[in-house]
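Please go through the briefing below with the sequence and the model at hand. It takes up a loop residue, then a helix, a sheet and the confidence scores.

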Amino acid sequence: MPRLTGGEIVARTLTNYGVEYAAGIPGHGIWSLLDGFLQDESAVRVFQVFHEQSAVHLADGYYRAGGTPMAAITSIGPGAANTVMGLATAFADSTAVLAITGGPALHMKGHGTMQELERYRANDFPRVVEPVTKRHWEVSTVAELPFVLHRAFNSMLTGRPGPVHVEVPMDIQAAADDVALHDLERRLPRGRLHADPDAVEAAARVLRDARRPVIVIGGGVITADAAPQLRALAEALEAPVVTTWNGKGGFPEDHRLFAGSVGQTGTIPGNAIAAGADVLLAVGCRFTDWSASSYRKGVSFSVPPGKLIHIDVDPHEIGKNYPAEVGIVADAQPALADLAAAVGTVAERDLSELDALKAEWAEQEATRLHSEQTPFTSQRPLRDLRRVMERDGIVVAGSGNTQGAVKQSFPVYEPRTHLTSGGYSSMGWAVPAAIGAKLARPDRQVACVIGDGDFLQTVQELGVCVQNDIPVVFVVQNNAGYMSIRGGQRKIMDRHILSEFARNGSEYRVDVAAVGRGFGVDSVRVDSSDELEPALARAFASGGPAVVEVTTARDAAGPWVPGWWDFPVPAYITDERQDEYWAQRAEEQHQ
Ligand SMILES: Cc1ncc(C[n+]2csc(CCOP(=O)(O)OP(=O)(O)O)c2C)c(N)n1
């Protein structure tokens, strides 16, 4: 048995488990552990970021793009506390991230050591991560570290993945013990969780009798690498497919059966087709209010009277937001294959309604996609970006208008080519997540499409791209404010507070291209539509990181809103907006 310090154990274990990268910021609370990565036996490359939140987002983007985990490693106290946003974002969307943070030395715990919170309970940080992680551990001996690490990997990678946190006290990082390092393969289950055959048969019966079946897919299809099985089933059933935010990419958007996306910023055909289903097959989706139009009957879904077959690897999701005719707990890949085998091939369906809705939508979209107006619509830069990007390029969407516009108007064709922080919709996520995506898939083009507000929350990570030659193209839609928020405020309140960037009552617009140049990134601002496509093409051709700032309109630049989202109207507004809100709210089905 080798005699190893806590830091050496972590570095060697990550190496043995095939982890290629870690990201973080050093501090006194983690330096003994980070030092372990300097030994010859460690093959993990450690990146330094400018904010610990970004380290976690970067690992999150890496997992979403490539399907394997990386680690985020931070110091004690504030360094550790800065991971919370990253963990929450990863937890909401069920992505695997390993966060390792330092902790007070055990012999000092509770004495109020530097950066320790102890007024309520000694070393209280680990409790902060409880609601934002799948599991967390506080290590108390060197000898238990190998065990804790294989438990952490087992937890984050199996079933419904999620972020995990391990706190390693400073003395444990430095102390040594005789330990055996474990083989991860023997700590993970083999194969995938298959469905109960009776449940599959019950679902097949319902599907065989369906007149208007529709499949709705969420991020679970992508996590389970189940796109081929999904496509085979959809084609056998001739069932249209709709996607949630995180399901985008699970089905090729140029396929005849692709109907669109669902929810408030879904598409008209996506919502209409899904709401018209007599049988809805949901795979790896949790029916958030955003995707389900706040459960308003007939807007995105009609369950009941439609019957729901719900496949999810997490039993907790079955029956949560809609009653399931058949609930199937299984990994999407075998479940869809078994279901396809059980259903067989059904008679051809008339898809003329779907074709007509899609044609109508394409016509409506064309006005914004091809618009030459300046400042630009949100959609025009997307059109030009799609033209210059390869089919398998990865788009990472920021929060706000770009997130909805990408969902609606940037078609993708393969799993893991559309990344969005759907569930938590965190500003600050997209820049580091795009960097992580490029690390995971250096062979692919990666574009980060983002608003100025979101960009400015983690803009400093441009420096990570430059220091490490990571060629992400950042397409920054600069509308001088949080304009999606202003749009919502105006819709409900007819006025707004904050949201615009202003100085003495005039518009305040950050010179994003100059900021990019400040970090050493090739940066341009584009103000005319003729320049868009060439500028984007040049950005990819440069082979380095690039910022393309596009000046977008403050008004009418957002995505369409074909669905419904429940945001309450203040009681002092007593006009038709209040009546309309309550009328629509009365149509919501919460069960
Ligand atoms: C960390 C965080 N804070 C606040 C919000 C609420 N929010 C959602 S979108 C948005 C504005 C985004 O601004 P920008 O990136 O400029 O895009 P725009 O809305 O202008 O298209 C805000 C404040 C959020 N999602 N995340």
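**A buried loop residue, a helix and a sheet**

Thr-458 is buried, with a relative accessible area of 0% (buried means under 20% relative accessible area, exposed over 50% and partly exposed in between, with a 1.4 Å probe and protein chains only). The model is predicted: local features need pLDDT of at least 70 and side-chain atom pairs count only at pLDDT 80 or more, while totals for chains, interfaces and linings use all residues. Residues are numbered from 1 along each chain as its sequence is written, and side-chain values use heavy atoms, with hydrogens and water left out.

- The loop between α18 (452-457) and α19 (462-468) holds Thr-458; helices (H or I, at least four residues) and strands (E, at least two) are DSSP runs, numbered from the N terminus.
- Apart from neighbours within four places in sequence, Thr-458 is in contact (heavy atoms within 4.5 Å) with Gln-53, Ser-54, Gly-428, Val-431 and Pro-432.

**Helix α14**

- At 1.5 Å a residue, the 18 residues of α14 (352-369) should span 26 Å, and the end C-alpha atoms are 25 Å apart, which agrees; the expected span is 1.5 Å times one less than the number of residues.
- Leu-354, Leu-357, Trp-361, Glu-365 and Leu-369 of α14 are buried.
- These residues cover an arc of only 105 degrees around the axis, which puts them on the same side of α14; the arc is that of the directions from the helix axis to the C-beta atoms.
- An α-helix has 3.6 residues a turn, so residues three or four places apart point the same way.
- Glu-363 and Thr-367, on the other side of α14, are exposed.
- The buried residues of α14 pack against β11 (258-261), α12 (268-275), α15 (379-388) and α16 (401-409).

**The six-stranded sheet**

- An open sheet of 6 strands runs β16-β15-β17-β18-β22-β21, with parallel pairing (two strands pair if DSSP finds at least two bridges between them).
- β16 (418-420) and β21 (522-526) are at the edges with a single partner strand each, so one side of each has no neighbour in the sheet.
- β17 (446-451) and β18 (473-478) pair in the parallel sense over 5 bridges.
- Gly-451 has Gln-477 in β18 as its bridge partner.

**Confidence**

- The protein chain averages a pLDDT of 97, and 99% of the residues score at least 70; pLDDT is the predictor's confidence in each residue, from 0 to 100.
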